[in-house]
Amino acid sequence: MKKSKRYLEIKSKVEDRNYSLNDSINLIKDLSSAKFDESVEIHLMTYADPKNADEQLRTVADLPHGTGKKIRVLVFAEGDAAVSAKEAGADFVSDDEIVKNIEKGWQDFDVAIATPDQMSKIGKLGKFLGRKGLMPNPKTGTVVQPQNISQAISASKKGRTEIKLDSSSVIHFNVGKASFSVDQLIENTKSVIKTILDSKPEGVKGRLMKKASISTSMSPGIQLDIDDLEASIN
């Protein structure tokens with residue numbers, strides 16, 4: 001596929017070497033020139049083998065400065081938990097009409113949270129929510145006890161990113177927008193990397209991170225220095 005003149009001009013500014021986190025984000029800010037606010041993404045190759053049950057990795061990481069977009073939260077709860085969800089700022093609290101709309105394809109929300117007692121009731125929605133990764137799951141912190149509803153909603157609205165190993169042993173995640181300050185992007189990245197390293201699967205012996213690159217939606221990848229990335233969270 002032929003690359004655009006703009007892409008080739010940007011690529012010429014990226015040296016064939018591993019960059020520190022600070023240098024890479026400064027370069028990302030310099031390279032961003034699209035007419036929209038590009039997302040900043042990191043692609044992290046690991047030594048984990050997703051075929052082995054004890055090497056799988058799935059969790060969520062908080063982003064101190066959010067994702068750069070408004071997060072709409074749907075909560076599956078009843079009674080006092082539903083009241084708490086509304087008071088905590090949930091955009092939607094599920095009822096029979098919302099369930100029917102989901103079955104018809106409605107997905108105008110970014111995060112779905114549920115109390116444990118609702119899981120058996122919403123199991124039938126798995127085929128609708130699962131396709132977009134919206135099904136509540138304890139591993140992603142979206143199945144919570146009623147007393148933790150407010151905290152879960154607050155964390156979701158502030159900004160979180162899902163950490164999931166794909167079939168190629170790679171984790172892809174967003175750390176914000178190109179309009180964010182260098183410090184905001186660095187702090188978001190450190191938060192995610194710390195979560196990944198703290199969640200290292202028991203089956204992975206030795207180092208977890210193999211290679212990593214950072215890019216905006218429209219830029220070429222910038223190779224990251226893994227040693228620097230690990231050291232940045234200490």
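**View 1. Lining of the largest pocket in a predicted model.** The lining residues divide into six nonpolar, nine polar and seven charged. Here Ala, Val, Leu, Ile, Met, Phe, Trp, Tyr, Cys and Pro count as nonpolar, Asp, Glu, Lys and Arg as charged, and the others, Gly among them, as polar. The lining holds 22 residues, and Asp110, Val111, Arg160, Thr161 and Glu162 lie nearest the pocket centre. Pocket volume is about 680 Å³. A pocket is an open set of points on a 1 Å grid over the protein atoms alone, where a 1.4 Å probe fits, with protein on both sides within 12 Å along at least five of seven lines; lining residues have an atom within 4 Å of a point. Points are joined across faces, edges and corners, and the volume is the space filled by probe spheres set on them.

The model is predicted: local features need pLDDT of at least 70, side-chain atom pairs count only at pLDDT 80 or more, and totals for chains, interfaces and linings use all residues. Residues are numbered from 1 along each chain as its sequence is written, and side-chain values use heavy atoms, with hydrogens and water left out.

**View 2. Strands at the pocket.** Strands S2 (58-62), S5 (111-114), S6 (160-164) and S7 (170-177) each supply at least two lining residues. S6 gives the most, with three. Strands (E, at least two residues) and helices (H or I, at least four) are DSSP runs, numbered from the N terminus.

**View 3. Isoleucine 163 in strand S6**. This residue is buried, at 0% relative accessible area; buried means under 20% (1.4 Å probe, protein chains only). Beyond four places in sequence, isoleucine 163 touches Leu57, Arg58, Thr59, Val60, Ala61, Ile171, Phe173, Val192 and Ile196. Contact means heavy atoms within 4.5 Å.

**View 4. Asparagine 137 in the loop between helices H6 (126-129) and H7 (149-158)**. Asparagine 137 counts as buried because its relative accessibility is 18%. Leaving aside neighbours within four places in sequence, its contacts are Arg58, Thr142 and Val143.

**View 5. Open sheet of four strands, S7-S1-S8-S9, with antiparallel pairing**. S7 and S9 (222-223) are the edge strands, each pairing on one side only. Strands pair if DSSP finds at least two bridges between them. Seven bridges join S1 (39-46) to antiparallel S7. Among the bridge partners, isoleucine 42 has phenylalanine 173 in S7.

**View 6. Helices on the sheet.** Helix H2 (21-31) packs on the sheet and touches S1, S8 (209-216) and S9, at about 25° to S8. Helix H8 (182-198) lies across S1, S7 and S8, at about 155° to S7. Axes are lines fitted to C-alpha atoms, for helices over the stretch in contact; angles run from 0 to 180 degrees between N-to-C directions.

Key:
Buried < 20%, exposed > 50% of the residue type's maximum accessible area, 1.4 Å probe, protein only.
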